[in-house]
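Colleague: I have just opened this one and would like to talk it through slowly. Could you take me around it, starting from the inside?

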Amino acid sequence: MTATQDLETATGLPTRDGEPLIRMRQLRKVYRKKSGGKTQEFLAVSDVSMDIHAGDMVSLVGPSGCGKSTLLKIFAGLHGHDGGELRIGAPGGTSFNPGRNVGMVFQQPVLLKWRTILENVMLPADILGLDRKKARVRAHELLEMVGLTGFGDKRPYELSGGMQQRAAIARALIHDPKLVLMDEPFGALDALTREKMNLEMLRIWRETGKTFVVVTHSIQEAVFLGSHCAVLTAGPARMADFFPIELPNPRSLHVKTSAEFGVYVRRVYDLLGVE
Ligand SMILES: Nc1ncnc2c1ncn2[C@@H]1O[C@H](COP(=O)(O)OP(=O)(O)O)[C@@H](O)[C@H]1O
Ligand SMILES: [Mg+2]
């Protein structure tokens, strides 16, 4: 057994053998805007390298405007990149179709108000043309998993913000994606609901075994959620550090009062230059 495997066993993390699901080296992204016949360039990501393995829960933390959403959009296939190397997909280069293999959760739940919660959860399956009967069964299972049993027939406005966001998480999982990308998913929630959602998310991560990348600008949230933490500097994004978080799994909120938790939080503050 290697030292990393020892560590993974000790912390209850999945092993990270073999090829990563996402491999990035010196990734670079330039936004271009045409104005008055001239093209203006804006460097959003300058140098980001990391390996994300299947089953990881990577928290991506950095100051506002540093390029976190840009990176997620690149992973989701919504943006290309302008330099460096990026490989996403199964080992051996099996083709990776982002529409089929990525689930996304945004800061706002963005549910369609004229659809019921169940129909909202089924939306990606409808778009992808998946079997509706199977999708309906799966949607009920997912609603149960996110604690919304019995709410499938409600409309979004009948649910609280936290419940709507849980429906959005169920929707992100309906087509059984390999990769779940979350962009500040709990930013709009009150502090207590946010902590509860953090616990829910860790449970869903454990139960599904999927690969999650979650963007946050909360350092505490990044440390609490991550099996690994990627720290980005102020824009253009450069990787300040990428490290495993060796806190016990499954995690309870008590871990936040532990000395080890404080050490990780301090480490991220130091990397971001916060005194
Ligand atoms: N479509 C775009 N065109 C031009 N600039 C953009 C675009 N999207 C984002 N930016 C700029 O790129 C930088 C990084 O943005 P973003 O990835 O949204 O940061 P974050 O999610 O970390 O707050 C910001 O300065 C932002 O203004
Ligand atoms: Mg953002």
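Colleague: Which residues does Met182 touch, not counting those up to four places away in sequence?

Modeller: Met182 touches Leu72, Val105, Ile169, Met201, Phe212, Val213, Val214 and Val215, where contact means heavy atoms within 4.5 Å. Before we go on, please keep in mind that this is a predicted model, in which local features need pLDDT of at least 70 and side-chain atom pairs count only at pLDDT 80 or more, while totals for chains, interfaces and linings use all residues. Residues are numbered from 1 along each chain as its sequence is written, chains are lettered from A and ligands numbered from 1 in the order in which they are written, and side-chain values use heavy atoms, with hydrogens and water left out.

Colleague: OK, and how many residues does the largest nonpolar core have?

Modeller: The largest nonpolar core has 50 residues, and those with the most contacts inside it are Ile169, Met182, Met201, Phe212, Val223, Cys229 and Val268. A nonpolar core here is a set of buried Ala, Val, Leu, Ile, Met, Phe, Trp, Tyr and Cys residues joined through side-chain atoms within 4.5 Å, and buried means under 20% relative accessible area, with exposed over 50% and partly exposed in between (1.4 Å probe, protein chains only).

Colleague: Which helix gives the most to this core?

Modeller: Helix 6, which covers residues 161-173, gives the most, with six residues; helices (H or I, at least four residues) and strands (E, at least two) are DSSP runs, numbered from the N terminus. There is also a second, separate core of 28 residues, which includes Val45, Ile52, Val102 and Ala237.

Colleague: Staying with helix 6, at what angle do helix 6 and helix 7 pack?

Modeller: Helix 6 and helix 7 (residues 191-208) pack at an angle of about 20°, with their axes 11 Å apart. The axes are lines fitted to C-alpha atoms, for helices over the stretch in contact, and angles run from 0 to 180 degrees between N-to-C directions. Helix 6 and helix 7 are therefore roughly parallel to each other, since angles under 35 degrees count as roughly parallel, over 145 as roughly antiparallel, 65 to 115 as roughly perpendicular and the rest as oblique.

Colleague: And which residues make that contact?

Modeller: From helix 6 there are Gly162, Gln165, Arg166, Ile169 and Leu173, and from helix 7 there are Thr193, Met197, Ile204 and Thr208. By class, the contact of helix 6 with helix 7 has four nonpolar, four polar and one charged residues, where Ala, Val, Leu, Ile, Met, Phe, Trp, Tyr, Cys and Pro count as nonpolar, Asp, Glu, Lys and Arg as charged, and the others, Gly among them, as polar.

Colleague: Switching to helix 4, which of its residues are buried?

Modeller: In helix 4 (residues 117-128), the buried residues are Ile117, Leu118, Asn120, Val121, Met122, Leu123, Pro124 and Ala125. What covers the buried residues of helix 4 includes helix 5 and helix 6.

Colleague: How do helix 4 and helix 5 pack, then?

Modeller: Helix 4 and helix 5 (residues 132-145) pack at an angle of about 130°, with their axes 9 Å apart, and helix 4 and helix 5 are therefore oblique to each other. By class, the contact of helix 4 with helix 5 has eight nonpolar, one polar and three charged residues.

Colleague: What about helix 4 and helix 6, where do they meet?

Modeller: Ile117, Asn120, Val121 and Pro124 in helix 4 meet Ala167, Ala170 and Arg171 in helix 6. The axes of helix 4 and helix 6 come within 7 Å and cross at roughly 35°.

Colleague: Now the strands: is Ser59 buried or exposed?

Modeller: Ser59, which is found in strand 3 (residues 57-61), is buried, with a relative accessible area of 0%. Leaving aside its neighbours within four places in sequence, Ser59 is in contact with Val214, Ala222, Gly226, His228, Cys229 and Ala230.

Colleague: Last one, where does Leu179 lie?

Modeller: Leu179 lies in strand 6 (residues 179-183), and at 0% relative accessibility Leu179 counts as buried.
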